[in-house]
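Thanks for coming. I will take one chain and go through its local geometry piece by piece; please have the viewer open.

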Amino acid sequence: MALRHAVLAALLDGEYSGYQLAKIFDVSVSNFWHAVPQQLYAELARLEAEGLISGRRVIQKDRPNKRVYTVTPAGLRELERFAATAAKPGIIRENLLVMVQAVDHISAEPVIARLEERAEISAAKIEIFRRTLQRLRGDMDEETYLRHGSPVGPYLTCLRGLRFEQENLEWFQSTARLLRERAAARTEEGG
């Protein structure tokens, strides 16, 4: 998947400026695609030049003017083409896993500290996902929303992000606990 497809998918729900798109990426798209605002602005320019999105200038009073974008029929066709391609399996590239891999040969304390930091980050993300899911489904319970609610795509990706972060939180906490117990046992054996 290229950034272009993530941008096109994010623009399906409405007309957004680059700033608004960056906020959308921060809150909902970031669980499956990371991009910094500079990358988003550059991609918006490319997509507009290719006719996959259209942009229009919005004159604002007491603020700088802005440009807002929407997906064109050509952009929808590009998403259709993309959706018909084989989905490549995701891979994990995680520097924390490199630290854990090396923990038998390095001090465990800094690794434990990083695990605990990441557990806090995961816990915060879990709360964001829960609030986002609640906002999307409103008064509906989850089962009803999944069967009849709209939009279901953002809900499903947010649900995946929630489950991913729940698994991360459990792993960070259990790994930190295990490494701390092992370090304590080594201290008791040696002292």
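**Leu96 and the annotated region**

Leu96 is found in helix α5, residues 95-101. Helices here are DSSP runs of H or I with at least four residues, strands are E runs of at least two, and both are numbered from the N terminus. Before going further, the source: this is a predicted model, where local features need pLDDT of at least 70, side-chain atom pairs count only at pLDDT 80 or more, and totals for chains, interfaces and linings use all residues. Residues are numbered from 1 along each chain as its sequence is written, and side-chain values use heavy atoms, with hydrogens and water left out.

Is Leu96 buried or exposed? Leu96 is buried, because its relative accessible area is 2%. The cut-offs are under 20% relative accessible area for buried, over 50% for exposed, and partly exposed in between, with a 1.4 Å probe and protein chains only. Apart from neighbours within four places in sequence, Leu96 is in contact with Arg114, Leu115, Arg118 and Phe172; contact means heavy atoms within 4.5 Å. Take Arg114 from that set: Leu96 and Arg114 are 18 residues apart in sequence, with 7.4 Å from C-alpha to C-alpha.

An unreviewed UniProt entry carries the annotation "domain: Transcription regulator PadR C-terminal" over residues 92-179. Its positions are in the numbering used here, the feature name is shortened, and such annotations may be inferred rather than shown by experiment. Over residues 92-179 the chain is 82% helix and 0% strand, and the end C-alpha atoms are 22 Å apart.

Next is Leu146, in helix α7, residues 142-148. Leu146 counts as partly exposed because its relative accessibility is 32%. Beyond neighbours within four places in sequence, Leu146 is in contact with Val152, Tyr155 and Leu156. The C-alpha atoms of Leu146 and Leu156 are separated by 8.3 Å, and the two residues are ten apart along the chain.

Which residues does the cis peptide bond join? They are Ser150 and Pro151, and omega is about 5°. Pro151 sits in the loop between α7 and α8, the latter being 152-190. As background, most residues other than glycine have a negative phi, and most peptide bonds are trans.

Asp62 is the phi case: its phi is positive, about 65°, although Asp62 is not a glycine. Asp62 lies in the loop between β2 and β3. Asp62 is exposed, with a relative accessible area of 79%.

**The sheet**

Three strands form an open sheet in the order β1-β3-β2, with antiparallel pairing. The edge strands, each pairing on one side only, are β1 (16-17) and β2 (53-58). Two strands count as paired if DSSP finds at least two bridges between them. In general, strands of a sheet pair through backbone hydrogen bonds, either parallel or antiparallel.

How many bridges hold β2 and β3 in their antiparallel pairing? There are six, with β3 covering residues 66-71. Ser54 stands opposite Thr70 in β3, and the bridge partner of Ile53 in β3 is Val71. Helix α3, residues 37-49, packs on the sheet and touches β2 and β3, its direction making about 115° with that of β2. Axes are lines fitted to C-alpha atoms, for helices over the stretch in contact, and angles run from 0 to 180 degrees between N-to-C directions.

Ser17 lies in β1, and the bridge partner of Ser17 in β3 is Val68. Ser17 is buried, at 5% relative accessible area. Not counting residues up to four places away in sequence, Ser17 touches Lys66, Arg67 and Val68.

**Helix α1**

Last, helix α1, residues 3-11: eight of its nine residues are buried, so α1 is largely enclosed by the rest of the structure. The buried residues include Leu3, Val7, Leu8 and Leu11. What covers them includes β1, α2, α3, β2, β3 and α4 (73-83).

That is the tour; questions are welcome.
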